[in-house]
Every structure is written in structure tokens, then in C-alpha cells.
Amino acid sequence: MIKDLLNKTKTTISFEISPLKTEDEFQAVFAKLDAFAALKPDFISCTYGAGGSSAGKTIEIASYIQQHLQIDTMAHMTCVGFKQSDIQKNCELLEKEGIHYIMALRGDRPQTMGKEQFNSREFLYASDMIRYLKANTSFSIAGACYPEKHYEAASFESDLIHLKEKVEAGASFLVTQLFFDNDIFYRFRERVMDIGIAVPICAGIMPVISANQISKSIHLSGSSVPKELENLITAYGKNKEDMRKAGIDYVVRQILDLKEHGVDGIHIYTMNWPKTTAEIVAQISI
Ligand code: FAD
């Protein structure tokens with residue numbers, strides 16, 4: 001449960017799933033929710049399409065997980081392109097569905113949004129929305145953080161200062177961007193503690209089970225790929241099953257090391273793959 005994360009009573013295991021874009025994709029994700037629930041995660045978070053393109057779908061999935069599967073659910077919400085009144089409406093819908101947790105994000109500029117519109121947004125940063133949510137709703141709020149710095153930040157230091165503002169605005173825990181090198185996370189965690197951020201941090205971990213993930217999601221995240229993972233992709237990338245096994249093995253070693261180093265939570269970017277997630281969970285639970 002998220003309570004265990006907030007109280008730091010155990011290392012929580014949580015999943016991120018995405019409703020995706022089309023109706024068929026959405027139905028396919030929906031059909032996998034029971035399989036994810038069977039793995040008994042502490043909570044499941046559901047992403048929000050860029051610019052809120054999947055807002056209704058996020059709420060529908062989050063509601064099913066919360067009400068039907070009875071697993072703590074965190075709905076992602078971005079503020080780019082939204083007014084206070086839109087955010088308020090969304091919150092009321094989530095409240096009605098019994099959801100208590102929001103991952104509050106600024107979001108990226110959608111391709112359909114001009115620079116001028118982006119620059120005149122009502123909530124400038126995630127911390128502005130978090131402050132609003134804290135003052136006007138009873139949700140428990142999480143924020144995003146970036147062990148390798150957010151791509152727009154002028155420096156690692158300025159990103160950390162803004163992260164502190166996010167926590168002071170009301171984020172009660174953080175989830176990291178995905179990373180593949182635990183040393184980067186350990187250095188980040190030290191710096192975070194040094195500047196007085198004490199909230200729990202979930203480490204965002206993504207299994208790499210095919211070579212083309214590198215060119216897609218990993219490239220977008222800006223996360224660096226260590227030599228060991230690069231070598232593994234070179235060695236196994238052309239054989240689907242071997243790559244899957246090697247990718248799972250890498251991620252399992254990464255998670256076990258994080259647990260040994262006292263991480264607060266492991267947040268698996270599941271890519272909507274219950275079978276791969278099940279194998280990871282089985283191996284990290286031994
Ligand atoms: P912010 O915290 O607002 O930071 C954005 C940039 O502004 C940073 O460079 C920061 O240093 C800077 N900044 C912050 N405050 C100030 C200030 N006061 N003055 C000047 N600069 C400032 N995107 C989606 O569209 N949907 C999702 O569901 C989604 N889920 C995510 C989950 C996680 C765990 C993570 C790590 C990212 C997710 N994203 C999602 C991507 C996210 O929307 C982008 O990374 C976005 O570019 C930044 O969002 P943020 O909330 O971190 O922004």
C-alpha cells in the first residue's frame with residue numbers, strides 16, 4: 001500500500017501502466033489489469049496522455065483498479081493546457097471513483113500546441129499545480145524527479161532546487177524517471193538528502209527486452225545507457241527470447257541491488273507487459 005511507502009515500513013513494489021491512444025489499445029490494456037493485480041503490487045499508477053489526450057481513459061482504468069481490484073491507485077495528471085477549472089473537474093471525477101493519489105506533472109508541450117500557448121499556461125510548473133491541489137483537495141500527491149536532470153533544466157543544481165520547491169508545495173513522495181545505472185540514483189539520492197528533501201523516493205525501473213526500446217522510449221527519457229546494457233543489446237538484440245531473458249536478468253539485478261541499498265520503493269515501468277512483469281516480480285521476491 002502507498003501507506004507503507006509514506007511510512008517507510010517496507011520497500012514497496014508498484015507498477016506503471018498506460019492507457020495508450022486508440023480504443024483497441026485501451027481495451028487491450030484493460031484486459032491485462034487483472035493479470036497485473038494478481039502480482040499484488042502495493043499500488044498501480046496510470047499515466048495521462050500528453051496534453052490530457054487520454055484523461056477519460058486514465059480515470060476509467062484508475063477507477064477499475066481502485067474499485068474492482070481494490071489496489072491503491074495513483075492517477076497521473078498533467079497541467080499543460082489546462083485551467084484551474086479543468087483540474088478541479090478532473091479531481092472531482094477522481095474523488096467520485098474513490099481515488100486518493102495523484103501524480104502531479106507539468107507535462108510536455110503536445111505537438112498540437114504552439115509555443116506561445118505553452119508559454120502562457122496557467123500552471124507554469126508541476127509545483128504550482130501541487131500547491132493548488134494541496135490547498136483545494138484532499139489528495140495525497142506525488143511528483144516526478146530526474147536522477148540525470150530534467151532535459152530543460154539549466155543545471156542539476158537548479159533542478160534540485162525546483163524539486164525541493166515541489167516537495168515544499170505538497171508532494172509527499174517522488175517517483176524517478178527511469179534509469180539503468182544504480183550509481184546515478186545513489187548519487188542523486190545523496191544530493192536530495194543533502195538539500196533537506198526527506199520524502200520517500202520510488203526508483204523508476206524499466207525492463208529492456210528488445211533492442212528497439214533504446215531508440216524509442218529510452219531515447220525520449222534521456223536516460224543514459226551503461227556499457228553493460230549496451231553490450232547486452234549487441235549480444236542478444238537479434239534474438240527475441242535471449243534478449244528478453246537477458247533484459248529481465250539485468251533489471252532483476254538492478255532491483256535487488258536497490259533493495260540492498262535501502263530504496264524506499266521500486267516503481268516498474270511495465271510497458272503494459274504483465275508476463276515480463278510477473279517474471280521480474282517472481283525473481284525479486286525469492
Ligand atoms: P516540472 O517539475 O514542472 O519541471 C519541468 C522543468 O521546469 C524542469 O526542468 C524544472 O527544473 C523546471 N522548473 C521547475 N520549477 C521551476 C521554476 N519555479 N522556475 C524555473 N524552472 C522550473 N508526462 C505525461 O504527459 N503524462 C504522464 O503520465 C507522465 N508521467 C510521468 C511520470 C514520471 C515518474 C516522470 C518522471 C515523468 C512523467 N511524465 C509524464 C513526463 C513529464 O510530464 C515530463 O518530464 C515533463 O517535461 C516535466 O514534468 P514535471 O512534472 O517533472 O515538470
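## The cavity

Going by the grid rule below, there is one cavity of 30 Å³ or more. The rule runs on a 1 Å grid over the protein atoms alone, where a cavity is a set of points at which a 1.4 Å probe fits but cannot get out. Points are joined across faces, edges and corners, and the volume is the space filled by probe spheres set on them. The largest cavity comes out at about 30 Å³. Keep in mind that this is a predicted model, so local features need pLDDT of at least 70 and side-chain atom pairs count only at pLDDT 80 or more, while totals for chains, interfaces and linings use all residues. Residues are numbered from 1 along each chain as its sequence is written, and side-chain values use heavy atoms, with hydrogens and water left out.

Who lines the largest cavity? Tyr48, Ala55, Thr58, Ile59, Ala75, His76, Met77, Asn90 and Leu94 do, lining residues being those with an atom within 4 Å of a point. By class, the lining has six nonpolar, three polar and no charged residues. Here Ala, Val, Leu, Ile, Met, Phe, Trp, Tyr, Cys and Pro count as nonpolar, Asp, Glu, Lys and Arg as charged, and the others, Gly among them, as polar.

## Around the ligand

The ligand has 25 residues around it, and Tyr48, Asp108, Tyr146, His150 and Asp159 come nearest. To be in this shell, a residue needs a heavy atom within 4 Å of the molecule. The shell splits into 11 nonpolar, eight polar and six charged residues. Helix 8 gives the largest share, four residues, and strand 3 (72-78), helix 8 (156-169) and strand 6 (171-176) each supply at least two.

On to the polar contacts, pairs of N or O atoms within 3.5 Å. A polar side-chain atom of Asp108 sits 2.5 Å from a ligand oxygen, and an N or O atom in the Tyr125 side chain is 3.4 Å from a ligand nitrogen. Ala153 uses a polar backbone atom, 3.3 Å from an oxygen of the ligand. Overall, the protein covers 85% of the 980 Å² of accessible area that the ligand has on its own, by the Shrake-Rupley method with a 1.4 Å probe.

## Valine 281

Val281 belongs to helix 13 (residues 274-284). Is Val281 buried or exposed? Val281 counts as buried because its relative accessible area is 12%, and buried means under 20% (1.4 Å probe, protein chains only). Its C-alpha atom is 10 Å from that of Val251, 30 residues away along the chain.

Technical notes. A polar contact is a pair of N or O atoms within 3.5 Å; within protein, one must be able to donate a hydrogen and the other to accept it, and residues adjacent in sequence count only if both atoms are side-chain atoms. On a 1 Å grid over the protein atoms alone, a cavity is a set of points where a 1.4 Å probe fits but cannot get out, and a pocket is an open set with protein on both sides within 12 Å along at least five of seven lines; lining residues have an atom within 4 Å of a point. Buried means under 20% relative accessible area, exposed over 50%, partly exposed in between (1.4 Å probe, protein chains only).
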